[in-house]
Amino acid sequence: MGNYDLLQQVNRPEDVKGLDEKATRQLCTEIRAYLCETVLKTGGHLASNLGVVELTVALHRIFDFSRDHLIFDVGHQCYTHKLLTGRRERFSTLRQRGGLSGFTKRAESDYDCFGAGHSSTSVSAAIGFAEAERLRGSDAYTVAVLGDGAFTGGMIHEALNNCRRDLRLIIILNENEMSISRNTGAFAGLIARIRTSKGYYRTKRRTVKVIKKLPLIGEPLFRGIRHLKQSIKDRLFKSNYFEDLGLYYLGPADGNDLVKVERLLREAINAGQSTVIHLRTVKGKGYPPAEADPGAYHGVSPRQKNTERNFSSEMGEILTELAEEDPRVCAVTAAMADGTGLGAFREAVPARFFDVGIAEEHALTFSAGLAANGFKPYFAVYSSFLQRGYDNVIHDIALQNLPVTLLIDRAGLSGGDGPTHHGIFDVAFLSQIPNMEIFTPSTFTSLREALTQSLVADHPVAIRYANGGDCEEAARRFCRGAAEVHADFEEGAALDYVIVTYGRIVTEAMAACDRQNERAPASCGVILLEKLKPYGPIADQIHAMLPPSAKTVVFLEEGIRNGGAGMILGERLNLPDGCVYRHLAVDDVFDTERATGNLYADFGIGREDVLAVMNE
C-alpha cells in the first residue's frame, strides 16, 4: 500500500470540508494513487474515475449529501464518492461477490440515493428528486453528474425538455472525451476564463443589485442589458442549447481545477434556479497510460489480464469476413464498438459501420430502416442494454418481419458488474416475439455457423453468447447429432439422467454429468442446444435423442425461470413414460447476496444443484 495519510483520515464527507486548499489538493493526489493501486487489482472503471476526483471532492465540500442528493449517470464514476462516504475500508472488495458494487447502489449506502448501471438516466431521476423536494417545500439540492457520452442518450434530452427553471437542480456536464462544445478559439477561451474568475460573479451580483434599485428605469435597464449581453454571447458562442431551454448555464471550465469547480458550484447555488455547469476533465488524469489511451483504461480487468480469444472479438472477425463478401452487411453499435468486438469491422468496412451513440432504441429502429431498404444490419449490443429497446424489437423489427440480426453480447450472469448487467432476461423476452429465431452458440464454430445462417435469413435473428472464450471441452464432446442439437452420448445409450442446456453454463452440466457417472457409470448424458427458437423443431430433436430409459430430464439455463427456454420446452417435450422433468434456472430475483465463490452456486444453478435434483 502507498502512503495515504490524508485519505486514511477521511471516514465521512464532513472530514473533507475543513481541509485547506493545499491539503485538499494532496487528498486528490492520494485518491488517484489509491484508485490506480486498487482498481488495477480488482478490475473496474479506471480512466473515468481518475478524471472526476476534483469534481467529486468539491461536491462533498460544498453540499451535504446526507440531505442533498447526488446522482451519477451510469454510476461508474462514483469511486471517489465511495471513498469519501465511509467505504474506503471495503474498497478492495470492489466488484467482488459480496463486496462493493462497481456502480451506485441504494442498498449499499444512504449516500447512494439512486442506483444506476446503464446510461442517460441521471437527469430524469434528478428532476424527480428535485420536484419531490419542491413539493415538500424543502431547500435541499439535487446534483446530477453525467459525461458527454451519456449526453448522446435520448433520455437526457427528453428530461431536459421537461425541466422547470425554478428547481434546486444542478446538472454537471463532464466533457472528457468527445467534444460537444462549439466554443472554440482564443477569444472564447478568454471569456470562459473571465466567467470562472474569482471576482466575476461577485461583481455581477452587485451590478444587478444596483441597477435594479434605480427608480423607474432599473428593471427596464436590467432587461435591456441582459438582452444585449445575450445577443453578444450568441454571436461569439453561437446558440447555447441549455440557455435556449431556459436553464442557467455556467462554463465551460477546467473540471480538474478544484478552486474553479467549487466557485462554479457556489454560483449555481446563488443562481437560485436550474443550472447546467459545463466542465472539461482529463479522462485518466494522473495515470500516464490511461491519459494516453483512456479508451483502453475505461474498464480494466483484474491485474490487466485480458482474455486471448473471446466471443466478441471472434464475432467481429467473422462479421468482417461476411461484410467483405456481401456488400449488404452493415454493423451497428450504440457507443460500444470495442466492447462488442466491432473494432475490426470499423477499420475494414468504415462506410458500413454505424455508431449511433448511447441510443439503443434508435439503433434498433435505424437497423430496421436499413433492413427495409435491402441491407443486412447486425446490431451488436450487451444483453442488459438490449432491454432498453424491447418495443423497437417488437414494433419496428419483428412486426414487419425484417431481417435484422441482434448480436447479443454478455449473455448470462455478470460476476463483476452485477445485477445491472446480468444478461438473464433476453431469452425470456425474445422467445415471446413472433418471427424471431434464437441461436445460442457455445463454441466459435457454432458462432460462425449461426452468423452464416443469419445472412440468408429473411426474418429477425438473435445470436446470444457469453463474455469470454468458447468451451474447448464442449467442442470436443458434442461432435455428434443434429446441426442445432448435440448429445455427448451414443444413440440407444441406456441412461437414467439427461441434462439439457445451452450457452456457457454447459460447463456446469458437463461437470455434474461426470460426477454422476463417477457414482453410477454411464448413467448420465448431456444435450447441448445451439439454437432455441423456433421451439417446436428443437423439442422434436430433443425427443428423438432422449433414451427410453431416462428417469429424469434436467433443463439447466443461465437465465430467468419465468418464460425461459426451460419453461417453454418443458411444455412441448414428449418425455418417455415414467420420466420426470426438472427445470433449474434463475429464480424471480435480480441478484443474490450469497458469495460462495461460484456465481452459478449463488443462484442455485451450479453443478451441485444439478446433482441434488437428479438424486432426489
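Predicted model: local features only at pLDDT ≥ 70, side-chain atom pairs only at ≥ 80, totals over all residues.

Is Tyr34 buried or exposed? Tyr34 is buried, because its relative accessible area is 7%, where buried means under 20% relative accessible area, exposed means over 50%, and partly exposed lies in between, with a 1.4 Å probe and protein chains only.

Residues are numbered from 1 along each chain as its sequence is written, and side-chain values use heavy atoms, with hydrogens and water left out.

Now to the aromatic rings. A search of the whole structure gives 17 aromatic pairs, and here rings of Phe, Tyr and Trp (its six-membered ring) pair if their centres lie within 6.5 Å, with planes under 30 degrees apart counted as stacked, over 60 as edge-to-face and the rest as tilted. One of them is formed by Tyr4 and Tyr34, which is edge-to-face because the planes stand at 85°, with the ring centres 5.2 Å apart. This pair links distant parts of the chain, 30 residues apart, since Tyr4 lies in the segment before helix H1 (14-17) and Tyr34 in helix H2 (residues 21-42); helices (H or I, at least four residues) and strands (E, at least two) are DSSP runs, numbered from the N terminus. Tyr4 also counts as buried, at 4% relative accessibility. Tyr241 and Phe242 are likewise edge-to-face, because their planes are at 70°, with centres 5.4 Å apart; in that pair Tyr241 is partly exposed at 37%, whereas Phe242 is buried at 8%. Tyr4 and Tyr34 also belong to one aromatic cluster with Tyr79 and Phe91.

Next, the strands. In strand S2 (residues 142-147), six of its six residues are buried: Thr142, Ala144 and Leu146 point one way, and Val143, Val145 and Gly147 the other way. Strand S1 (residues 69-72) runs parallel to S2 and is joined to it by four bridges, two strands being paired if DSSP finds at least two bridges between them; the partner of Phe72 in S2 is Val145. S2 also pairs in the parallel sense with strand S3 (residues 169-175), over six bridges, and there Gly147 has Asn174 of S3 as its bridge partner.

Finally, helix H4 (residues 53-62) is mostly covered, with ten of its ten residues buried, including Glu54, His60 and Arg61.
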